Every structure is written in C-alpha cells, then in structure tokens.
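Subject: Structure for you to look at

Dear colleague,

I am handing over the structure that we spoke about, and below it you will find my notes on what turned up when I went through it. Please keep the viewer open while you read, and look up each place as it is named.

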Amino acid sequence: MSTDRLAGETPPGQEAAPGTAEAQTPDDATAPEDAAAPGDDAMVNEGAEAEAPGVGAETPASGAEAEPPGSGAEAGAPAAGSESDAMARGAEPEAPAAGAEGKAPVAGGELKAPAPGAPKESPASGAAKATADALAAAVRAVESGERSAASFFNDAPRPAKPAAPAAQPAKAAPQGGPAGPAPEVARQRTAQETGGPARPGVPDGGATAPAAAPPATGPAAAPRPAVPTASGVEGVRQVLAAGGAPETLAEQAAEVLGERAAEALREDPWLLLGVPGVRPEQADGFARALLGAACGPGDERRAQALVGWLLEQAALAGHSALEAAALRAALAQRAVPDPDDALQSAIADGAVLVFQEAIEEPGRARPATGDDEEEEQPVRILLGLDRFAMAEESVADGLARLLNTFEAAAEPLQDTASAEAGDDTTAEAEQPVAGDGTAADESAAAAAAPGTDAPTDDAPAPRPVRPSAAAWEAAAAAAPSPSAAELIRAAAHSGLVAHTGAEAARAEPAALIAAARSLGLRAFGATHTENGRRRLAAHLTECAPDTAATGSADPATAAVTVSGLLSGREGPGRDADGALALDLLVVLDAPQLDLETAALLVESLTDGTRLVLSGDPGVLWSAGPGRLFADLLAARFCPQVASRTPDFGPIGELVSGIGIGELSQVEAPGKEVVIVPVRDAGEAVHRTVQLVADSVPRALGVPADHTQVITVGHGGAAGTRALNAALKERLNPGPGRFGGFDPGDRVAYAPAPGRTVPGTVTGADAAGLHLDCDGSAVVVPREQVGAGAVRHGWALTAHQAAGTRWPAAVVVLPGDAVGGLTRAWVYTAFSRGERHLSVVQGADQALARAVAEVPVKERTTRLRSLLQQSVQSAEEPSVAG
C-alpha cells in the first residue's frame, strides 16, 4: 500500500476548497446517507438527517443505520398478506379486547392468538364479541373486493379523546388501513385483567414518560376564521396557506391524504407529518395556526401522527419494527404526556401492529412441547407499520412455500417396463446436456427471449422440464470450479439456496445459470444495477463461448436487473397466472434487496421454482428497511454454499482482510492502492479533485469519467454536495441552466427510493431533463428534478454505489465523519474499484477502530424469527410422532 503521491500530483494550495461555504455542522457529515427521499427538502434544510427513535437507548435502535431509501426500492409495494397466506397460517379473526370498543376496526386486519408463552387473555365481553363480528365482516368485505380498506374509516370518523385540558375537535378519520389480513399480532393482558388493548410493555419497563407536558414555548397563535374549502389540490393549497405552510406541499399532501385531503388537514393538522420532509416542529406550528388555543402537546391527534412518523423515520434507518421501549422514549422526548396511552390508541386503531418475539438466551434449551408447566420465556415487544410487517410475513411465507413445493431431481427409471408405460415426462426429464440443437436448446432459446408472450388459452402450456439427477450431476462435474459444482448440486436438490462470496465468486452463479439452461430450464440471473447485469452477462458469455457456432440463444440475455424483471421490461415475462415464466432464478447482490421488493419478487415465483439468493455478506444492507439476506443466513433456513474463490490482487487482499476485521497494509507495486493523508475537510476536497482530474488519469490512464468518488454522507464540508460542487467546477463548469444541471454533468438519478442509476446529462426541454444512463436514454420530468430525484453524481455515498464497480474509486474519509464508519461501510466503499483505489484519509485511527470493532449498524427486524418459527412448525409434527 503506497502513501506516495501519484505522478504529476502537486501539494495543495492555500485557496479555500470549493463548495465549503455551505454551513454544515459536524453532525451533518455523519448524517445518514440519503436520509430523506426525493422531495423531502420542501420544508426542511437539505442536510437534515433522518431521525430514528431510540437513539442513545440500550435497544438495537440506538445503532440504527439511517441509510435511506434515497437510492433504491424497486417496483412498488408487494401484494402481501393475501387470503391464501392467512389460510395457510390457520389464523382466524379474533375480537379486540373489551376496552377497544369505540375504536375503528382495522379494515382487512386480523388479530391472531398470542405467541406461545404469552399470557392468556380474559374472556371477551358482549361488546367485544360484537366488535369481533364487525371485524370479521370487514375482513371478508375487503378480501372479496366489495369495499376498500379506507372506506371503513371514512364512513364513520371516531371522535378524538380529549388528551389536553382544552376541548378537542373531532379527530379526522385515518386515511387508510391495512389492505389485507394483518400478520400475527400478539396482545398482552393488562394488569387489571380488563381485556382492553394491550399496553405494549417490555420486561424492563421501558422509558418513563414525563408527568405532564411542558408548557408551550411562546403564545399560541389565534385560530384563523374558517373559510370554505375548495376541492382537490386547490383546497389543500388554501388550508396550507391558512396554516402558514408552503403551498408547494399541496400536490404531495393531496397525493398522500387522498381526495378529502383538505378536509382531513383542517380537522387534523398533524396529518401533514405524512408528507415526506415535514418535521414535527413544523407540523406543530401548522396546527397552532389552524387550531389556536385548542392545540396542545397532549392532543391525541398529535400523538397518533408522531407514532407513525417515528416508525417511518425508523424505516429510513433500516428498521422494519421498533421495540416498544424505544418508541415510548421517543414519544416522551417529543413532549407526549402519556406515551403508553398514545401507543394503546395507535394499536387499537390499527395504525400500528404489535408483536411478541421470544428472546434467545445463549445456552437456554428450547422448552419441550407438551410440558404441563411450560417455563416462561423472556420476550420483547415490537411495534411496526402494517406494510413492513406484511412484507416480512409475505417473504417468510413465500420462501417456505418454495422449499415445501420443490420437487427433487427426477431419478432414472429402474426397469424397462416402466419406460414402456408411456410416461411422456421421461423424455423431457432426460434431455441431453450438450448444446446441439436438441429440445434442451430449443427450450433454452425460448426462455432466453425477453418479453416472450405467455401461453394463451388456446395453446396448452408446455410441460415443465425436470432434468434427472444424473443430468444435474454431469453438469456439476463439468463446472469450472469446485465451488460452482457445489452450488449446482445444491440447486438440484433444494428449492431455495443461499450462496455467499465476494466479487470473484459471481462466476459461480453464472455457471449455475449456464448449466440449468443447458438442461432445458428457463434460468435467469437478476442483479441490483445495470452495471451488475453487464458483469453477469460477461460471466455467462464466458461459460458458453461457442453459442454462435451452435446457433443457440445468446447466454447474455439471461442476465437482467431486478427492477427490469419485475416490471416486465427484461426477462421472460409472465405466464397466464401472472407468475414469472421461469424455472430457476438467481438473485445476485441479495444484500441490497429490501423487504417490499423481496416480497414482490417471491410472490411472483410459482410453486416449484428454484430460487438462489447470492451475495457478499460483508457489504452494506439494503437502503430500504430490512436485512433479508443476513436474516436468511442467520436463521439457517435453507442450504448454504460458501464460495472458496478468493478475490485476487492488492485490492482483493485489502478488502478480504477488512471482511474479517483486519485493516492491514498490502503490497501495491502498480499503485493499485494509494493512501493520501489529509489534515482537514478542505484539504480532503482539494486532494480529491486533484486525484480525479490529474493524478489517476496521468499515472494509470483511467479517465475522470471512469473514476468514482465515494464519501460517508451528503452533508458536511467533505460530503457529496461539497465534493460534487468542487468536481463540477473543475471538470464541467457551467451555470446550471437546466434546473442546476448542464450537459455533460455526471448525475445520480433515483427512479425509486433505494435505487440509484448513474447517468450523464445530455440536454433538457419541456418534457424534462434528458439523461444517458448506461446507454439508455431517460427523460426525468421537471417535477421530479425539482423534487430532488436527480443529484450530481461525481461523488456518491456507499449505499448509492453498492452493486456497481468502476475502474477506479476514490474514497474520502474526512475527520468529521468518523461516526458514520463501520466495517460494512469500509468494505463496501473499498471494493468499488476494479483497478485502483485511492483513500483520502482524514479519519486517522478511527478507520482501523471501525473495521475492528464496529461490524455493522444493527437493525430491528422480524424476518429471522419468522423463518425460525416456520422451521420449528415443520419439525413439530415429526417430534410429536
């Protein structure tokens, strides 16, 4: 590892670094990457960080990694929680506890029995029985499509319970509820055995709420006289103006709150918190302007809005749920006088779901089933939003379905008589492996054609191809490496396989795809980014170099992106039932899969499909909530194949050491790794520009547009904003006449939360900003450009860079950003360069400490426990027998 200057590098001058005039606190430098979604800076400063509740508490939330969905979720929310899923779990709607009468039923919701070991509930009262009947009717109406979930709330708004001394106006009806059967909800019995809504407690008692709300700072604004409200966006604009909020929020508010947005905001001003970028203090000011003396910190409407907002902020930090103690403490910090009551109301209204999860204790034996006196197991209480809860349930159920419906490889027939019995599947099961134009090649060619039409009703669907065990074994024997052979054998015998390995190991999934296609299976590989798709296509071409001579389909067509596969732009399309028309799917970059995308993907696979999740466990988790790949590995839910193929070269050696917590010097005779020490953020910006514009191109021949800068966050004196401003001034100066952009600017486009597409500006017109994204022309509407969907992209965060590699990478580590460093962050950033890595090092010893002592910022999720429960449920019948 060299600390020498590259050829042509000059010492930094005394001039101030460009882009540092923006006032940023040190906290901004360590703020979560992409902490706010595009468009979130309408009412909040651009560098504001996502606020995850529980920070500083002893719960997992304290280390929340607030990496946004600012760079990529894919393809929308899953259709989780279907009726079939609910029936598979054997759940029936239960009555809410007696104290819940008067609360709006959870449309489409489903209250299930507590988890084993939970205290039993007292008998339901007559009123609770009536509520249960109404709940069951609501579930049936929503599932049958007769009514929408929101209609149950909009028909009969529930009067708000006065929580402050001043009289409260009626609470606006919630604008939506769970769209399907809710996942398992564990409710606790209250100390008084009233059967009321569970008070979400934790064994340690959680945080203590203040005895009374602190007095409001400053006199409350007098309420403005009510005026007739117009309909649609214009009505929302009038209400916002009356409350002193920016009218530019009108369209977003109307989209979030629906047709009755204006009425809802006037009745419940804190609903404004549902608009991205709005913070509690801003919503409080809006409420004071509209309600005057009737507004107070103890207003139930405020408490309910804060519960949802805190859980949304936790999702930005990667959590799919929060411990009740952390959420109670966060509410108390926001001056909510009775956090417990606020949580009770949110649970009873169905806005929040509560779960009881057993706490694993090392060395503790699992309680034997059938014991008369079952020992109580410690539990923790988790609270979460319905869509993330249902996404986790959907993923767990879908993965279990793929395992349970898998049919093992067909065995060769044992006698001639059975072969003469006329079984048509025999010939298909033993199709030749060689690519010689046989039925196997024809099936593979048909599967490789993107956008292939699904079988019509007139044409019968082709029989599924079932290669024999001998055919699979022959494919494994021909594999290019022992690890690839092991992966092929695992996929032959299981419907779900987890594969781990670094960059060099990506050749192994490619070998599996090539082998499966040679056997006649419709096999595809999906990556997180277009850059990853091209790298997979190159591996597939290497695995089948003679396709041109044999006339077989181009193997590169089997490489797609996850977003393209789900949208139908890439891959085989869908069959008549709406499922993806494939037999084997390998998902590379699996750590980048967020919960909602994973749920949609798994639900799109038909029974019996083979799914292989492959990825590097050392990289950062998804920008969206959840940690699917890590939870799958930890639960040991399916066969796992660990690659034994190492990454070669100085960069591979350095990154491999980081993966095990060691930051060591490596020999880099060709200046593959260079360390550039700096004293402060200003010098870091100067040296970064020098490296990208002069040193790396001169010494290594890598042009500036093939070098990527990676830093810890967007804010700060050496964040992406400051670095991009300095790099633009040097590499592509211009006035920014197209919404701050000029032709030739490198940009990062976020078409959806959690997904980043690098591109270059080519022009602009009335339609929007024109980009060239990896050879594809993209037009970003002007509204999205104004909302922040496009940023300058010479410098990115590590989360934005995940899934993509460049010939050269420059990683910037300013001293004020050490709080954002973890082993996973360093591993991800350092592994983005293929030929060269420069490290602008201003973190001193904090870098080595982060690699050795801070593996990852933990996330609170439920998927691991759901997968383990699925395994235990499958084992119980055999144990009982």
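Predicted model: local features only at pLDDT ≥ 70, side-chain atom pairs only at ≥ 80, totals over all residues.

A335, which is not a glycine either, has a positive phi of about 70 degrees, and its place is in the loop between α10 (324-333) and α11 (339-349). The relative accessible area of A335 is 16%, so A335 also counts as buried.

For the overall picture, the protein has 881 residues, of which 53% are buried, and its secondary structure comes to 31 helices and 19 strands. If you take the contacts between residues at least 6 apart in sequence, 77% of them join residues at least 24 apart. The accessible surface comes to about 36,100 Å², and 52% of that surface belongs to carbon and sulfur atoms.

Within it, strand β5 (residues 523-527) pairs with β7 over 4 bridges in the parallel sense, and A523 has L584 in β7 as its bridge partner.

Strand β11 (residues 707-711) deserves a separate look. How many of the residues of β11 are buried? The count is 5 of 5, which means that the strand is largely enclosed by the rest of the structure. The cover reaches both faces, with T707, V709 and T711 buried on one side and Q708 and I710 buried on the other. As for its partners, β11 pairs in the parallel sense with strand β18 (residues 806-813) over 4 bridges, where T707 has A808 as its bridge partner. It also runs parallel to strand β17 (residues 795-797), to which 3 bridges join it, and there I710 stands opposite L796.

Among the helices, α23 (residues 628-635) is mostly covered, as 6 of its 8 residues are buried, namely L628, F629, D631, L632, L633 and A635. Just after α23, R636 takes a positive phi of about 50 degrees.

Finally, helix α29 (residues 823-830) packs against helix α30 (residues 846-853) at an angle of about 110 degrees, with their axes 7 Å apart. The two helices are therefore roughly perpendicular to each other, because angles of 65 to 115 degrees count as such. In this contact, R823, V826 and F830 in α29 meet L847, A850, V851 and A852 in α30, and by class the contact has 6 nonpolar, no polar and 1 charged residues.

With best wishes

Note on methods. Residues numbered from 1 in each chain as written. Heavy atoms only, no water. Buried < 20%, exposed > 50% of the residue type's maximum accessible area, 1.4 Å probe, protein only. Pairing = 2+ DSSP bridges. Contact = heavy atoms within 4.5 Å. Areas by Shrake-Rupley, 256 points an atom, 1.4 Å probe, with all protein chains shown as cover. Axes fitted to C-alpha atoms, helices over the stretch in contact; angles between N-to-C directions. Parallel < 35°, antiparallel > 145°, perpendicular 65-115°, else oblique. Nonpolar A, V, L, I, M, F, W, Y, C, P; charged D, E, K, R; others polar.
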